[in-house]
Amino acid sequence: MFRLLVVAACLAISVHAYSDGAPKAACRDLTPQHGAKLQVTKPPYSISGPSHVRSDQKLTLTLGGDEFLGFMIQARDGQNRVVGQFQVVDSVHSQTLDCSGKDDTITHLSAQKGKPLTGITFDWIPPAGYKGNVKFMATVVQTGFVYWVGRVTKDIDVE
């Protein structure tokens, strides 16, 4: 019985550990530090919004689909470098994170079991003068042990 309680406590700690957003350790490869196996099936999530933006405009996108508890999103150029800056639209459920630069990543805030999200809207601003393709890559955490790493994507042309 004691072993069962110890295991349950460890599982609860690992799931709750990142309820306030993704850790900086996840910046490089978008992998949650939950210690569970990532999903390889098609994710039940997508990023919706325009497929192009001018370099002097901000872009509004939405991550949506099935219910989820956490997320981490970056925009990457053709050389896999993180580019641009995010602006929070929903300050109750999202926040920016400085990975390679200021506000270059957006993640969840105050994830709570029993209060999942079904969508999150965010703004992204391209780097000044940038032209080319950008791929938005999202990791979405459905539960502490079910998540998709970088498999939710959207290509955007910056003109």
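**Strand pairing and cores**

The model is predicted, so local features need pLDDT of at least 70 and side-chain atom pairs count only at pLDDT 80 or more, while totals for chains, interfaces and linings use all residues. Residues are numbered from 1 along each chain as its sequence is written, and side-chain values use heavy atoms, with hydrogens and water left out.

**Overall make-up**

- From the N terminus on, the order of elements is α-β-β-β-β-β-β-β-β-β-β.
- The chain has 159 residues, and 42% of them count as buried, meaning under 20% relative accessible area with a 1.4 Å probe, protein chains only.
- Its accessible surface is about 8600 Å², with 55% belonging to carbon and sulfur atoms; such areas come from the Shrake-Rupley method with a 1.4 Å probe.
- Among contacts (heavy atoms within 4.5 Å) with a separation of 6 or more, 68% are between residues 24 or more positions apart.

**Strand pairing**

- Strand 3 pairs with strand 8 (residues 117-125) in the antiparallel sense over seven bridges; two strands pair if DSSP finds at least two bridges between them.
- Strand 3 (residues 59-68) also runs antiparallel to strand 1 (residues 45-48), joined by four bridges, and Ser-48 has Thr-62 as its bridge partner there.
- An open sheet of six strands has the order 2-10-9-4-7-6, with mixed pairing.
- At its edges are strand 2 (52-53) and strand 6 (94-97), each of which pairs on one side only.
- Within this order, strand 4 (residues 70-76) and strand 7 (residues 105-108) are antiparallel over three bridges, and Met-72 has Thr-107 as its bridge partner in strand 7.

**Nonpolar cores**

- A nonpolar core is a set of buried Ala, Val, Leu, Ile, Met, Phe, Trp, Tyr and Cys residues joined through side-chain atoms within 4.5 Å.
- The largest core has 26 residues, of which Leu-63, Ile-73, Phe-122, Trp-124 and Phe-136 touch the most other members.
- At least two residues of this core come from each of strand 1, strand 3, strand 4, strand 8, strand 9 (132-143) and strand 10 (146-158).
- Another core, of 12 residues, lies apart from the largest one and includes Ala-22, Met-137, Tyr-147 and Val-149.
- Beyond its neighbours within four places in sequence, Ile-73 is in contact with residues including Leu-63, Phe-86, Phe-122 and Phe-136.

Definitions and conventions. Buried means under 20% relative accessible area, exposed over 50%, partly exposed in between (1.4 Å probe, protein chains only).
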